[in-house]
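Subject: Handing over a structure, with notes

Dear colleague,

Please find below the structure I promised to pass on to you.

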Amino acid sequence: MGRIKQSIKVDVRLCWTLFDSGARNTYVIPSVAEALRVSVPTPTVRTALGGSVKETNRATVLNAEIEGHPITTHALVIDDVDKDENGTPIEILFGALAMQQWGIRLLPDEERLDLSHYPQEFVEF
């Protein structure tokens, strides 16, 4: 499992993002979701995150740009993710399913993302 932090672009805004291969899902906070269309799924989803259990009944499609590469993925909207070691609030937690979908790999020793496997096209079987 690895974790990398960097800003990604959502609409015209830069959002502080934690890429976490140990988290299955992707989460955004309400201020990020304001730029996106939010839906209300049922039932309520509960997730253990940041040492506590969080609940939500809101989801969105995250359309963003990572190092010049457009992505779109499902995200749950939660009130807060956590803060990084400097106390900066994390606005997006980008989980393993989205990283797999977009070919994003973490290089924790170099503290950077590897987007060399970003798909130019999707091949469906």
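What follows is an account of the fold, the core, the aromatic pairs and a few individual residues.

Please keep in mind throughout that this is a predicted model. Among contacts between residues at least 6 apart in sequence, 55% join residues that are at least 24 apart.

The largest nonpolar core contains 36 residues, and the members that touch the most others are Phe19, Leu62, Ile66 and Phe94. Several elements each supply at least two residues of this core, among them strands E1 (3-10), E2 (13-20), E7 (59-66) and E8 (69-77), as well as helices H1 (30-33) and H2 (96-101). To give one example of how such a member is surrounded, Leu62 is in contact, leaving aside neighbours within four places in sequence, with Val10, Thr26, Val28, Leu36, Ile71, Thr72, Thr73, Ala75, Ile92 and Phe94.

The count of aromatic pairs comes to two. In one of them, the ring centres of Phe19 and Phe94 lie 5.0 Å apart with the planes at 45 degrees, so this pair is tilted. It links distant parts of the chain, since Phe19 belongs to strand E2 and Phe94 to strand E9, 75 residues apart. Phe19 has a relative accessibility of 0% and therefore counts as buried, and Phe94, also at 0%, counts as buried for its part. In the pair formed by Trp102 and Tyr118, the ring centres are 5.7 Å apart and the planes stand at 20 degrees, so that pair is stacked. Because Trp102 lies in the loop between H2 and strand E10 (105-107) and Tyr118 in the segment after strand E11 (112-114), the pair ties together parts that are 16 residues apart in sequence. Both Trp102 and Tyr118 are buried.

Two residues deserve a look for their backbone angles. Most residues other than glycine have a negative phi. Asp11, however, which is not a glycine, has a positive phi of about 60 degrees; Asp11 lies in the loop between E1 and E2 and is exposed, with a relative accessible area of 55%. Glu111, likewise not a glycine, has a positive phi of about 50 degrees; Glu111 is found in the loop between E10 and E11 and, at 67% relative accessibility, counts as exposed.

Finally, there is a polar side chain to mention. Gln6 sits in strand E1 and has a relative accessibility of 15%, so it counts as buried, the limit being under 20%. The side chain of Gln6 makes a polar contact with that of Glu67 at 3.3 Å. Not counting residues up to four places away in sequence, Gln6 touches Cys15, Trp16, Thr17, Phe19, Ile66, Glu67 and Leu113.

With best regards

How values were computed: Residues are numbered from 1 along each chain as its sequence is written. This is a predicted model: local features need pLDDT of at least 70, side-chain atom pairs count only at pLDDT 80 or more; totals for chains, interfaces and linings use all residues. Side-chain values use heavy atoms; hydrogens and water are left out. A nonpolar core is a set of buried Ala, Val, Leu, Ile, Met, Phe, Trp, Tyr and Cys residues joined through side-chain atoms within 4.5 Å. Buried means under 20% relative accessible area, exposed over 50%, partly exposed in between (1.4 Å probe, protein chains only). Helices (H or I, at least four residues) and strands (E, at least two) are DSSP runs, numbered from the N terminus. Contact means heavy atoms within 4.5 Å. Rings of Phe, Tyr and Trp (its six-membered ring) pair if their centres lie within 6.5 Å; planes under 30 degrees apart count as stacked, over 60 as edge-to-face and the rest as tilted. A polar contact is a pair of N or O atoms within 3.5 Å; within protein, one must be able to donate a hydrogen and the other to accept it, and residues adjacent in sequence count only if both atoms are side-chain atoms.
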